[in-house]
Amino acid sequence: MTTATMKSGLGQTSGVVSELTAFLTVKEGHEADLRAAAQRFNGRIDGAPREALRKIGIRNMRLVMYDEGRRLLWTTSFETDWDPYIDDALMLLGITSWTDWLQYTNEFPGTQPTNAEVKAFIQSAQAPATAFFDALGDATMPQIWKAQQLAAAFQQVLDDPAAEEALSHPALAPLLELAAH
């Protein structure tokens, strides 16, 4: 029996990252509706402010229809604890974004649920991964984003001819060596 934890609900962890996996059954005749709703849901996530996504700790999300459109796999990974992740994701995207696609699954009750009812449903539908690995699991998204910004800023310095004298300072040798690879 799998025990729920504060960090990952029923999921597994890899470093600071937790996973959430659910397998659902698509309502017969609603495959196209679910595909369209999944695209709308993805659009809401993709259009959300990056700072808000950073706050809720989302790393990725995937909705996959399989078995000739009869089944749905939902996966996501996140850095925050399970409760705040789900609460914040419901608040950020709005409950209608969730019920828009969940309504096309047999398991979802679908009668104008509250955030708490959707959260309870997600917990009940969660299936723990047998194994879970995240290659960047020891780094948080804020750390990764900062590293990307630092790399871009350092590249600007490297590209600036006026920085040549400053870059010749021995203290910068480790940075220049790293930039060369």
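**Ground rules**

I number residues from 1 along each chain as its sequence is written, and I use heavy atoms for side-chain values, leaving out hydrogens and water. The model is predicted, so I take local features only at pLDDT of at least 70 and side-chain atom pairs only at pLDDT 80 or more, while totals for chains, interfaces and linings use all residues.

**Entry 1: the sheet**

I started with the strands. Helices (H or I, at least four residues) and strands (E, at least two) are DSSP runs, numbered from the N terminus. Two strands pair if DSSP finds at least two bridges between them. I found four strands in an open sheet, ordered 1-2-4-3, with antiparallel pairing. Strand 1 (13–14) and strand 3 (58–66) are the edges; each has a single partner strand, so one side of each lacks a neighbour in the sheet.

I then went through the bridges. Strand 1 and strand 2 (residues 17–25) run antiparallel and are joined by two bridges. Serine 14 has valine 17 of strand 2 as its bridge partner. Strand 3 and strand 4 also run antiparallel, joined by eight bridges. There, isoleucine 58 is opposite phenylalanine 78 in strand 4. The hairpin of strand 3 and strand 4 has four residues between the strands, and aspartate 67 takes a positive phi near 55 degrees in it.

**Entry 2: helices across the sheet**

Next I looked up what lies on the strands. Contact here means heavy atoms within 4.5 Å. Axes are lines fitted to C-alpha atoms, for helices over the stretch in contact, and angles run from 0 to 180 degrees between N-to-C directions. Helix 3 (residues 82–93) lies across strand 2, strand 3 and strand 4 (71–78), at about 115 degrees to strand 4. Helix 4 (residues 95–102) lies across strand 2, strand 3 and strand 4 too, at about 150 degrees to strand 4.

How much of helix 4 is buried? I counted residues as buried under 20% relative accessible area, exposed over 50% and partly exposed in between (1.4 Å probe, protein chains only). Six of the eight residues of helix 4 are buried, so I noted the helix as mostly covered. The buried ones are Ser97, Trp98, Thr99, Asp100, Trp101 and Leu102. They pack against strand 2, helix 1, strand 3, strand 4, helix 3 and helix 5.

**Entry 3: helix pairs**

I sorted crossing angles this way: under 35 degrees roughly parallel, over 145 roughly antiparallel, 65 to 115 roughly perpendicular, the rest oblique. A crossing is left-handed if the near helix is turned anticlockwise from the far one by less than a right angle, and right-handed if clockwise.

The axes of helix 1 and helix 4 come within 8 Å and cross at roughly 155 degrees. Helix 1 and helix 4 are therefore roughly antiparallel. Their crossing is left-handed. Leu34, Ala37, Ala38, Arg40, Phe41 and Arg44 of helix 1 make the contact with Ser97, Trp98, Asp100 and Trp101 of helix 4.

For helix 3 and helix 5 (residues 115–125), the axes come within 10 Å and cross at roughly 130 degrees. Helix 3 and helix 5 are therefore oblique. This crossing is right-handed. The contact residues are Trp82, Asp83, Ile86, Asp87 and Leu90 of helix 3 and Asn115, Val118, Lys119, Ile122 and Gln123 of helix 5.

**Entry 4: aromatic rings**

I paired rings of Phe, Tyr and Trp (its six-membered ring) if their centres lie within 6.5 Å; planes under 30 degrees apart count as stacked, over 60 as edge-to-face and the rest as tilted. The count is seven aromatic pairs. One of them, phenylalanine 41 with tryptophan 101, is tilted, at 5.6 Å centre to centre and 55 degrees between the planes. Phenylalanine 41 is in helix 1 (residues 31–47) and tryptophan 101 in helix 4, 60 residues apart. Phenylalanine 41 is buried at 1% relative accessible area, and tryptophan 101 is buried at 0%.

Tryptophan 74 and tryptophan 98 have ring centres 5.6 Å apart and planes at 75 degrees, so I logged the pair as edge-to-face. Tryptophan 74 is in strand 4 and tryptophan 98 in helix 4, so this pair ties together parts 24 residues apart in sequence. Both tryptophans are buried. Ring pairs link Phe41, Trp74, Trp98 and Trp101 into a cluster.

**Entry 5: a loop residue**

Is threonine 130 buried or exposed? Threonine 130 is exposed, with a relative accessible area of 85%. I placed threonine 130 in the loop between helix 5 and helix 6 (141–159). Its C-alpha is 8.0 Å from that of glutamine 12, although the two are 118 residues apart in sequence.
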